[in-house]
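Colleague: Could you take me through the aromatic pairs in this model, one at a time? I'd like the geometry and the surroundings, with your cut-offs spelled out.

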Amino acid sequence: MYGLPQAGKLANDRLRNFLEPFGYVPCPVTPGLWKHLHSDLMFTLVVDDFVVRYTNKQDVDDLIAVITKEYKCSQDWSGNRYIGLTLNWNYERHYVDVSMPGYIARALQRFVHPAPDRPEHAPHSWTAPTYGSRQQFATVDTSPTVDAKSTTRIQEVLGTLLYYARAVDCTMIPAIGTIATQQASATTSTMKAITQLLNYCATHPDAVVRYYSSDMVLYIESDASYLSESKARSRAAGYHYLSSNPPMPDQPPAATDPLPPMNGAIIGPCKIMREVLSSASEAELAALFYNGKEGTPLRI
């Protein structure tokens with residue numbers, strides 16, 4: 001029944017019970033990822049959308065034959081659209097571009113946000129350093145609160161941009177996360193932050209992530225920002241990508257490791273840590289811990 005909170009789980013359980021006798025089972029660690037017990041076929045399932053990875057076309061034909069026994073099924077062998085994403089494949093150069101063309105334009109039209117007078121190249125403001133100071137103190141927002149209508153607008157903007165940010169434009173995730181912590185008691189400073197974020201979207205409306213084929217060696221870059229959030233909190237972030245072993249030069253510089261080829265991020269965790277940390281080095285260590293937790297299921 002559409003709108004029933006349990007509808008998604010009921011439909012998923014029904015599909016699982018239907019597919020398992022044919023050898024199609026969900027992977028134990030990654031939600032939404034399925035595999036076939038008797039071939040190398042794998043697919044992801046989001047609501048009612050399948051994207052299938054295969055090497056033998058007959059394996060896909062067998063899957064379609066099974067699905068059509070119980071469900072209506074349409075097919076797109078180009079693989080150019082999936083869960084709102086546009087996938088442009090370049091098989092000759094071994095990469096795929098992932099984008100959501102027109103998504104930001106429709107969002108700006110929905111929120112009646114005009115183009116900025118000048119380009120905005122930062123999704124959020126920055127805290128100017130106090131040179132010569134030995135201590136860094138947390139900032140406190142003392143600006144007046146806004147009305148319920150403005151609060152609703154903030155929540156709608158964040159909800160609209162969050163999927164786009166996670167899917168193709170990770171540069172907006174810190175700004176969205178910071179504003180989200182303020183939306184319950186939004187202030188005029190929060191509204192300014194929303195305006196800057198929308199100006200950034202208008203300046204850079206069509207982000208594209210490019211993924212190159214690789215040996216699928218997992219690399220994780222970890223970082224932290226100390227006392228950069230409200231209530232004396234810090235932020236942990238990471239850049240997780242799949243690449244190949246770095247090329248080894250004949251004579252590398254002393255104490256310098258060669259870098260692996262860069263690739264698009266498969267995930268970009270970026271969260272505000274609940275713990276109040278006592279130093280920048282402690283924040284970095286906590287970020288390593290969070291990124292390690294995120295990387296464990298990827299390795300499995």
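**Aromatic pairs up close**

Modeller: W89 sits at 39% relative accessibility, so it counts as partly exposed (buried is under 20% relative accessible area, exposed over 50%, partly exposed in between, with a 1.4 Å probe and protein chains only). Y91, at 64%, is exposed. Bear in mind that this is a predicted model: local features need pLDDT of at least 70, side-chain atom pairs count only at pLDDT 80 or more, and totals for chains, interfaces and linings use all residues. Numbering starts from 1 along each chain as its sequence is written, and side-chain values use heavy atoms, with hydrogens and water left out.

Searching the whole structure turns up twelve aromatic pairs. W89 and Y91 have ring centres 5.9 Å apart and planes at 10°, so they're stacked (rings of Phe, Tyr and Trp, taking its six-membered ring, pair with centres within 6.5 Å; planes under 30 degrees apart are stacked, over 60 edge-to-face, the rest tilted). Y103 and Y164 are stacked too, because their centres are 5.7 Å apart and their planes at 0°. That pair joins distant parts of the chain, 61 residues apart, with Y103 in helix 3 and Y164 in helix 4 (helices are DSSP runs of H or I, at least four residues, numbered from the N terminus).

Y164 itself is buried, with a relative accessible area of 1%. Leaving out residues up to four places away in sequence, Y164 touches M100, Y103, I104, D169, M172, H204, P205, D206 and A207 (contact means heavy atoms within 4.5 Å). Elsewhere, Y24, W34, F43 and F50 make up one aromatic cluster.

Note on methods:
Helices (H or I, at least four residues) and strands (E, at least two) are DSSP runs, numbered from the N terminus.
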